[in-house]
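Me: I have a model open and want to go through a few of its features. Can we take them one at a time?
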Amino acid sequence: ILELGADVQLMGAVGTAIAIWGPACFPIAGYLMDKNLLGRCFSWDKWGRRAPWFLTHLVVVAVATALMYLPPSLDSGVLCWWFLLCGSVQAWTL
């Protein structure tokens, strides 16, 4: 990202925000998994309790990782926001 022209100081702040957001996601994700929000599409009897979440997170993190390398613009501000968006989604799904 820095080779594309992103601001170094802003990218440091973005990296810090993602580092804080990542561990904060774990209790939220555990709560949502326990609520069985994907139960309409995936039954616990057939899929189990966590498998639907692993499947959906696998697809989302693959798309977010691919999109990270395809920024909509090479403007410095856009790159930083794009990295923050993709990194936040990746932190949520991992």
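Me: Which residues make the nonpolar surface patch?
Reply: Val59, Val63, Leu67, Tyr69 and Leu70 make a patch of about 520 Å². Patch residues have over 30% relative accessible area and no salt bridge; like charges are joined within 9 Å, and nonpolar side chains (Val, Leu, Ile, Met, Phe, Trp, Tyr) within 5 Å. Areas come from the Shrake-Rupley method with a 1.4 Å probe, and for residues only the protein chains shown count as cover.
Me: What should I know about the model itself?
Reply: It is a predicted model: local features need pLDDT of at least 70 and side-chain atom pairs count only at pLDDT 80 or more, while totals for chains, interfaces and linings use all residues. Residues are numbered from 1 along each chain as its sequence is written, and side-chain values use heavy atoms, with hydrogens and water left out.
Me: Is Val59 buried, partly exposed or exposed?
Reply: Val59 is partly exposed, because its relative accessibility is 49%. Buried means under 20% relative accessible area and exposed over 50%, with partly exposed in between (1.4 Å probe, protein chains only).
Me: At what angle do α3 and α4 pack?
Reply: About 160 degrees, with the axes of α3 and helix α4 (residues 76-93) 9 Å apart. So α3 is roughly antiparallel to α4, a label for angles over 145 degrees. Axes are lines fitted to C-alpha atoms over the stretch in contact, and angles run from 0 to 180 degrees between N-to-C directions.
Me: Different topic. How many salt bridges are there?
Reply: Two, where a salt bridge is a side-chain nitrogen of Lys or Arg within 4 Å of a carboxyl oxygen of Asp or Glu.
Me: Which residues are linked in the network?
Reply: Asp34, Arg49 and Arg50. Arg49 meets Asp34 at 2.8 Å, N to O. Arg49 lies in the loop between α2 (44-47) and α3 and Asp34 in helix α1, so this pair ties together parts 15 residues apart in sequence. For Arg50 and Asp34, the closest N and O atoms are 3.5 Å apart.
Me: What are the relative accessible areas of Arg49, Asp34 and Arg50?
Reply: Arg49 has 40%, Asp34 has 42% and Arg50 has 32%.
Me: And where is Leu32 found?
Reply: Leu32 is in helix α1, residues 8-34. The C-alpha atoms of Leu32 and Trp53 are separated by 9.6 Å, with the two residues 21 apart along the chain.

How values were computed: Helices (H or I, at least four residues) and strands (E, at least two) are DSSP runs, numbered from the N terminus. Angles under 35 degrees count as roughly parallel, over 145 as roughly antiparallel, 65 to 115 as roughly perpendicular and the rest as oblique.
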